[in-house]
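Here are my notes on the model you sent over.

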Amino acid sequence: MSFTESNTVEQMILDAATSLGSGAGSSVLREDPPAGWSGSLGEEFKPSRWIYVAATALPRQPGEVMVEPWVREALISLNPEIAEQPDRADEVIYALRAILLSVQGGGLVRANENFMAWLRGEKTMPFGPNGEHVAVRLVDFTQPAKNRLTVTNQWTYQTGSVVKRFDVVFLVNGLPVVIGEAKTPTRSAVTWFDGAYQVNEIYEKEIPAMFVPNVFSFATEGRCLRYGSIRMPIDLWGPWRDEEHQEEGNLGHVRTTVESLMRPGVVLDILQNFTLFATDKKHRRIKVICRYQQYETTNKMIARVVAGYPKKGLIWHFQGSGKSLLMVFAAQKLRMHPRLGNPTVMIVVDRIDLDTQISATFNAADVPNMVGVGDRQELQRLINQDVRKVLITTIHKFGEATGEWNARKNIIVMVDEAHRTQEGDLGRKMREALPNAFLFGLTGTPINRADRNTFWAFGADEDSAGYLSRYSFQDSIRDKATLPLHFEAPTVKLKIDKAAIDEAFKQITDDMSEQDRDDLAKRAAKMAVLVKNPERVRAVVEHIVQHYQTKVEPNGFKAQVVCFDRECCVLYKQVMDEIIGPDASAIVMSSGQKDPPAWSVHMRDKDAEEKLLDRFRDPADPLKFVIVTSKLLTGFDAPILQAMYLDKPMKDHNLLQAICRVNRTYGQTKTHGLIVDYIGIFDDVAQALDFDEKAVQQVVSNIDELRKALPVQVQKCLAFFPGVDRTVGGYEGLLAAQQCLPNNITRDKFAAEYSVLGKIWEALSPDPCLSPYEKDYRWLTQVYESVKPVSGNGKLLWHRLGAKTIELINRNVTVEPVRDDLEALVLDADILDSILKDANPGKKAREVEIKLIARLRKHAGNPKFKELGERLEKIRERHEQGLLNSLEFLKAILEVAKEVVQAETQVDPEEEKDHALAALTELFNEVKSKNTHVIVERIVADIDAIVRQVRFDGWQTTTQGEREVQQALRRALLKYKLHTDQDLFDKAYGYIRQYY
């Protein structure tokens with residue numbers, strides 16, 4: 001029997017969901033909840049299970065999203081007011097249908113947000129006595145087993161001529177809340193990513209109504225499972241683990257994941273308590289759901305509060321892994337929990353002001369009943385008045401607290417950055433003011449050996465390892481919640497001597513006495529003179545610019561420069577302006593009363609600073625560097641930031657928090673964060689990162705390690721081609737290489753090894769160490785591209801080439817043209833007859849296949865040619881499985897070749913050009929006025945002419961190409977005085993990316 005997608009992965013999901021752990025190896029699903037989850041759902045945990053119903057047996061039509069008879073049944077059983085008059089259920093269903101229809105006009109996220117409000121019971125209808133509004137319940141959250149819980153497969157949905165089939169659908173009371181996509185487990189190039197891509201880029205866009213009730217979706221190929229919410233970028237889809245099961249890699253692991261994630265109580269918990277709708281930096285609504293560590297930790301905290309003991313807990317979740325969102329989820333669930341009697345939740349941050357990443361996250365998420373407390377008097381008044389809200393305040397507002405403020409037991413305090421000032425007098429006064437409060441300390445950095453009082457202040461004796469929850473940097477990198485950090489020390493002699501560094505370390509300790517502060521300027525003088533030497537400043541800045549332009553900018557990323565002090569910021573900015581102009585960098589620093597007047601140009605109020613940082617986050621903006629000394633080293637979140645140029649002595653928490661600014665994920669092209677050390681901090685990593693766990697010392701990997709790995713990885717890739725003469729070019733050379741990769745299994749193994757090599761190359765480029773391997777790497781790259789699946793499957797292993805690899809190929813490769821006689825092969829009957837009589841049809845078939853693949857690639861993106869590419873893939877797979885002999889294989893691909901040639905005759909280059917022009921004409925007609933409409937045609941023609949002069953194939957994937965096209969567009973708009981209209985520019989550029 002063959003192993004197919006449906007009889008392996010899909011069937012396993014159905015069995016796991018319906019078994020509730022009754023089968024062997026399913027111990028995770030048991031009738032008692034996992035440790036720490038007891039009571040978190042508002043009532044005692046009650047076993048519930050999904051019941052399988054075949055899609056054909058569901059009482060619905062293919063064009064319906066909801067199973068309406070079951071929705072009506074739930075409305076009547078859960079709402080006494082509707083049970084009295086069952087016709088009222090139709091009014092609710094009508095309102096739900098209206099939301100499904102609204103997705104076409106208002107967008108999927110808005111429609112999903114409205115539908116979630118109904119699912120959570122937040123909507124009311126006038127069904128009470130005298131027409132009073134009462135809440136309408138669609139779901140029973142306290143007792144999951146009381147809902148109709150259904151799982152089905154091969155669910156068909158049709159709208160107009162579009163028909164899609166979903167592998168697995170989970171329904172609660174007839175509403176499809178979870179969609180699962182299964183992929184084949186027997187081909188390594190096909191991964192969960194393919195399923196996620198299908199959901200995210202095809203289904204959600206072509207049939208959005210189906211996702212209006214969606215809580216989350218998941219995808220798996222039987223090795224890994226990843227889940228995400230609507231419109232969430234695929235690189236943010238995450239794994240699901242629990243304390244007992246952390247591994248993945250085979251069907252058994254995925255089954256365990258399904259049994260944990262798809263427990264009905266968990267799905268409903270995520271729906272009710274772990275789903276947010278927020279406004280992003282571009283003022284768009286986005287949906288956010290929890291990662292597993294946020295879910296698990298929140299429920300551990302709530303279980304502790306519900307039980308009333310222990311009264312505290314220490315939580316270490318590594319920098320960048322979502323600690324701010326964890327606090328939002330915890331605050332929401334604590335406030336809504338029916339057993340906690342309307343509690344007060346207090347978020348305590350460690351800054352003088354409230355302008356923190358945490359407060360920004362709470363504001364963006366529209367958390368109800370949230371108050372930012374401005375001063376100590378307001379804080380004391382709110383607590384004395386027994387206000388039941390979410391209060392965000394700073395630890396410093398407890399500085400003048402005396403005695404007890406409120407002894408209530410359902411006050412829950414979450415303290416951010418618990419390793420710092422909270423352990424001192426401020427923390428003691430907070431505890432005196434709130435003697436019976438629960439205190440949870442959260443930190444993004446591990447606790448230092450010397451910070452024993454942190455464990456005393458927040459660690460509970462019941463937590464054997466000292467932590468209520470621990471999510472280390474290894475965990476976050478494994479889950480791709482954050483990226484690994486690479487460290488690089490410039491070879492130029494720019495470092496300060498060791499004695500000066502030691503002196504500087506003394507002056508930045510947290511526990512200086514008054515006398516120390518008085519002596520600070522004197523003790524730092526030697527270090528400052530060395531750092532600010534004009535020759536050194538110029539040498540450092542020149543190295544920064546050269547390094548950035550060759551290693552960071554080509555991939556579209558940005559950088560942060562960390563200087564010794566504010567004067568250094570100004571000095572560095574002056575030199576940088578000379579080299580690359582004033583628009584490329586900006587200083588972000590605080591002002592002082594004694595500042596020189598010349599510094600005033602660098603000072604901004606809070607709004608202006610936020611606008612500047614939004615520009616920095618924008619990949620199209622010319623601002624490439626932010627220059628800082630203390631600002632933006634904690635809490636600053638800019639995923640586009642990849643490189644930190646560090647020229648300031650730092651250590652311990654301050655150092656780890658700072659360097660983690662560059663560890664945020666940003667699409668698939670960002671593989672790591674990069675630290676360039678000019679001052680010698682990382683000469684002794686163990687000393688600089690002196691934390692309790694030795695593993696933390698590995699948070700930074702040295703570039704030297706990558707240099708050592710390069711020749712090894714090149715040989716691993718070349719080992720796939722024994723005996724192949726790499727000096728032979730053209731068709732014969734490529735055919736010889738491809739014959740060493742005869743089937744999907746071998747090609748996938750080669751792709752995996754080449755992917756590793758590609759990442760090493762991109763990280764090192766343009767290091768001189770690459771030169772000896774450039775010819776081999778170029779050859780391997782061409783072979784890789786030539787065997788890559790035409791259909792685009794396997795987007796994890798068969799990745800897109802990096803910017804530096806493309807540049808290398810474009811700069812150095814002159815490929816001998818392959819003779820392309822495809823038309824003759826499929827149109828000339830005599831030639832066709834001679835081919836089919838060939839003594840070696842296998843070799844001729846490979847020849848045709850190579851030509852065919854080259855032709856298909858020319859039309860990437862065209863649905864017709866994509867379909868032909870998928871057919872070619874299936875024919876090749878059947879041949880490799882022995883289902884087609886060489887002659888049959890040749891005949892089959894000749895049929896595809898014939899259709900390719902026919903399809904090409906219907907693709908008119910002029911028609912494609914007209915399509916692009918029509919798109920731009922439409923754009924300008926949208927914005928035309930009495931001053932512009934008469935020259936629309938001339939504007940469009942100018943843009944088309946200029947853009948076509950500067951563009952080249954693949955320009956959208958290179959920074960240089962995007963820059964040149966953007967400049968050309970600006971010039972064209974400037975001619976007509978339209979260059980200041982940013983919205984117009986953005987729209988025009990979007991069209992150009994699509995049609996040119």
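The points below go through a sheet, a pocket, the cysteines and a few backbone spots.

1. Ground rules. This is a predicted model, so to speak of local features I need pLDDT of at least 70, side-chain atom pairs count only at pLDDT 80 or more, and totals for chains, interfaces and linings use all residues. Residues are numbered from 1 along each chain as its sequence is written, and side-chain values use heavy atoms, with hydrogens and water left out.

2. The sheet. There is an open sheet of 7 strands, in the order β13-β14-β12-β15-β16-β11-β17, with parallel pairing. Its edge strands, each pairing on one side only, are β13 (370–372) and β17 (469–471). From one strand to the next the twist averages 15 degrees. For the terms: strands (E, at least two residues) and helices (H or I, at least four) are DSSP runs numbered from the N terminus, and two strands pair if DSSP finds at least two bridges between them.

3. Why do I call β14 (residues 390–394) largely enclosed by the rest of the structure? Because 5 of its 5 residues are buried, where buried means under 20% relative accessible area, exposed over 50% and partly exposed in between (1.4 Å probe, protein chains only). Val 390, Ile 392 and Thr 394 point one way, and Leu 391 and Thr 393 the other. β14 runs parallel to β12 (residues 344–349), joined by 5 bridges, with Val 345 partnering Val 390. With β13 it pairs in the parallel sense over 3 bridges, and there Val 371 partners Leu 391.

4. The other end. Strand β11 (residues 312–317) pairs with β17 over 3 bridges, again in the parallel sense, and Ile 315 stands opposite Ser 469. In the loop between α9 (292–307) and β11 sits Pro 310; check the Tyr 309 to Pro 310 peptide bond, which is cis with omega near -10 degrees.

5. The second largest pocket. Its volume is about 400 Å³. Of the 21 lining residues, Arg 120, Glu 122, Gln 332, Asp 366 and Pro 368 are the closest to its centre. At least two lining residues come from each of α5 (108–119), β9 (275–279) and α10 (323–336).

6. Cysteines. The structure holds 0 disulfides, a disulfide being a pair of cysteine sulfur atoms within 2.5 Å. Cys 568 has its nearest cysteine sulfur, that of Cys 563, 5.8 Å away.

7. Positive phi. Gln 154 has phi near 55 degrees, but is found in strand β4 (residues 149–159) and is partly exposed, at 29%.

Note on methods:
Axes fitted to C-alpha atoms, helices over the stretch in contact; angles between N-to-C directions. 1 Å grid on protein atoms, 1.4 Å probe; cavity = no way out; pocket = protein on both sides within 12 Å on 5 of 7 lines; lining within 4 Å. Points joined across faces, edges and corners; volume = space filled by probe spheres on them.
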